[in-house]
Amino acid sequence: EIHIKEPIEKEVNPRLLPGELLLCEANTVYKYIQEDGSNRGTCGKLVCTNFKIAFLDDDSASDDNEPQFKNKIVGENDITLQCVDQIYGVYDEKKKLLTGQLRKYPEKLIIYCKDLRVFNFCLRYTKEEEVKRIVSGIVHHSQTPKLLKRLFLFSYASAAPNNTGKYGRNQTVMFDTLEDWRDELERTKGNVKYKAVTTNEGYRVSENIEKFLVITQSFKQILCVGQFTNFYHLENVFLQIWCWSCHNGAALLKMSAFPKEQDDSTSQTQKAFLDGIYKTISKPPYELLKMDDLSSSLPSLQDIQTAYTRFKQLFLIDNSTDFWSTDVKWFSLLESTNWLEIIRRVLKKATEVAECLERQHTNVLLIEESATDLCCVISSLVQVMMDSYSRTKSGFQSLIQKEWVIGGHSFLDRCNHLHKSEKEEAPVFLLLLNCVWQLVQQYPPAFEFTETYLTVLSDSLYVPIFSTFFFNSQHQKDTHTSGESLKTQSGPFRFLTVWDWSVQFDPKAQAFLNNPLYAEKPKPDKSQRKTARFKHQRQLSLPLTPTKSSTKRGFFREETDHLIKNILGKRIGKFINSSDEPPNSFREFYDSWHSKPVDYHGLLLPRIDGPEVKVWAQRYLRWIPEAQLQGGGTIATAAKILDLMEEVQSLQVKMDEEHSQAV
């Protein structure tokens with residue numbers, strides 16, 4: 001049963017972006033609207049470009065009935081090539097995964113997207129030649145390994161007008177200058193103990209770490225000694241890099257894990273460098289330091305990937321029948337994925353770190369193999385929980401820039417944008433957004449942005465016109481930015497940043513990204529400021545437990561990894577180990593905080609017990625008609641509140657005018 005509209009009278013052509021090229025197309029393609037098992041559909045044209053796969057019907061030509069919240073770059077029936085997850089062909093009612101060269105072409109195409117949309121296209125009425133071209137074109141351009149330079153990002157940057165690259169910088173701190181780092185140190189009062197240095201400018205120390213480092217003065221001295229240059233040919237650099245400072249002076253730091261094996265070929269220079277690090281660690285400000293090896297205390301990247309793969313299958317629904325069959329055993333299916341449990345563990349770990357910084361006034365050193373995956377998740381979460389600036393829109397964007405983009409998270413590999421290796425793929429950034437969403441829905445007035453903002457940000461991972469999520473490191477970006485622009489044949493590429501939301505949304509749609517009920521921070525006068533700080537500290541800091549050992553005596557538990565014991569040995573006598581803390585310390589801190597009224601500009605702790613950790617419904621259920629609340633839900637509420645606020649503001653303006661006239 002195919003619902004056929006009147007034939008398209010005028011030719012419908014795709015709207016192409018600068019640098020976008022039409023590669024192949026097929027006419028008389030039917031896009032199914034899956035509903036109650038009936039195969040109703042719309043007739044149109046299916047096209048593939050070097051940027052997207054798009055379905056064009058006669059509605060595409062008109063601007064009528066456009067939704068209020070519309071993306072200007074990616075339309076309702078557009079799928080960017082990076083957003084394609086898997087492609088299936090249907091042969092005689094049997095589904096088969098399509099990869100590489102095809103011998104036989106399917107009568108139906110099913111495209112599963114990374115943003116969880118599912119597209120069903122019927123090719124039964126399409127010319128055979130066109131079917132071959134469009135199917136092999138889509139499979140080739142979206143599934144086969146690519147070179148970085150072949151990404152649409154470069155085509156767009158070279159063809160787009162030359163005013164790109166400066167957007168979003170008005171409020172978002174990009175952390176690509178020394179000044180940005182110094183300002184951040186000053187904002188967090190971290191400049192007392194830490195300094196921003198240019199030691200790695202031009203990546204002469206290492207390509208794997210930031211151009212501008214924030215380290216202690218003693219580390220700076222080690223780096224300045226020329227004899228250690230050879231050490232940096234190793235993949236990871238063992239520097240304790242500053243992330244953030246708490247109001248009480250305790251700092252959050254991150255570091256790559258030490259090599260597990262030191263063989264005889266390890267040069268004397270490298271040993272001398274490690275020796276310098278050991279000596280530095282035992283000097284101020286590191287006397288009070290808790291080390292946390294995230295690779296042993298949190299799930300591995302492989303576990304995270306496996307859990308998410310299972311989890312997303314619950315939402316990639318082909319039709320109504322599939323939805324209702326999974327609905328019967330929804331809770332057991334959800335639990336078996338382990339995704340919510342991973343979110344809970346990550347939130348718990350971030351709370352433990354917050355307790356060390358806030359209550360124990362202890363520096364925390366996060367350790368991970370490369371310090372660019374789970375270190376980014378935990379350090380970002382801790383800052384969102386402890387620093388109200390990170391809960392503003394510009395503050396959160398600056399945080400992502402600092403910890404993820406400049407911090408060297410491998411977006412290219414983790415999102416598998418180039419289809420090079422599935423082994424490297426893991427939804428680490430999505431994990432962070434899921435965790436932040438838990439906080440946003442638990443404490444809405446504390447955040448200047450909405451869940452819609454987080455959903456749109458997660459979708460932007462797959463839009464290759466922004467450089468933000470398409471490089472593995474700042475060094476890789478800098479190397480490729482110096483390429484020649486095709487249009488001008490001079491100067492470097494100028495990439496867009498995702499933080500300029502005007503590229504994707506007009507002002508009316510952007511309003512949905514801002515929380516109208518955000519409790520803005522009151523600006524107290526100077527006389528009140530000190531009392532407010534004192535009250536905040538008294539409320540959140542519990543007395544230190546008497547069982548805590550003296551800072552002069554540190555020890556390692558027997559269970560501690562013997563390799564760490566061998567590497568660090570007795571040189572570090574001043575670490576506080578987790579064994580010094582009574583087991584109920586975390587629970588005491590957690591329960592005590594939750595028993596008090598919430599200060600939306602102070603510390604925020606997530607609720608992690610039982611059903612408090614939820615599924616991010618807006619992101620995962622938005623494409624399933626059966627799960628929708630007609631005319632309702634959070635977006636409808638937000639729209640009403642925005643209208644109401646607009647009315648209040650216009651009344652305020654009128655009152656002000658009346659008042660000034662009266663005066």
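How many of the five residues of strand β8 are buried? The legends below, which describe a predicted model, begin with that strand.

**View 1. Strand β8 is largely enclosed by the rest of the structure.** The strand covers residues 118-122. Four of its five residues are buried, so the rest of the structure largely encloses β8.

**View 2. Strands β7 and β8 form a hairpin.** Strand β7 spans residues 108-113 and runs antiparallel to β8, with five bridges joining the two. Within this pairing, Y112 stands opposite V118 of β8. Four residues lie between the strands. In the turn, L116 has a positive phi of about 75°. In a regular strand, side chains alternate between the two faces of the sheet.

**View 3. Helix α12 is largely enclosed by the rest of the structure.** The helix is made of 13 residues, 374-386. Because 13 of the 13 are buried, α12 counts as largely enclosed. At 1.5 Å a residue the helix should span 18 Å, and its end C-alpha atoms are 18 Å apart, so the two values agree. An α-helix has 3.6 residues a turn, so residues three or four places apart point the same way.

**View 4. The structure holds zero disulfides.** C243 takes part in no disulfide, and the nearest cysteine sulfur, that of C375, is 7.2 Å away. A disulfide would need the two sulfur atoms within 2.5 Å. C243 has 1% relative accessibility and therefore counts as buried. C375 is likewise in no disulfide. For C375, the nearest cysteine sulfur is that of C376, 6.9 Å away. With 0% relative accessibility, C375 counts as buried.

How values were computed
Residues numbered from 1 in each chain as written. Predicted model: local features only at pLDDT ≥ 70, side-chain atom pairs only at ≥ 80, totals over all residues. Heavy atoms only, no water. Buried < 20%, exposed > 50% of the residue type's maximum accessible area, 1.4 Å probe, protein only. Expected span 1.5 Å × (residues − 1). Pairing = 2+ DSSP bridges.
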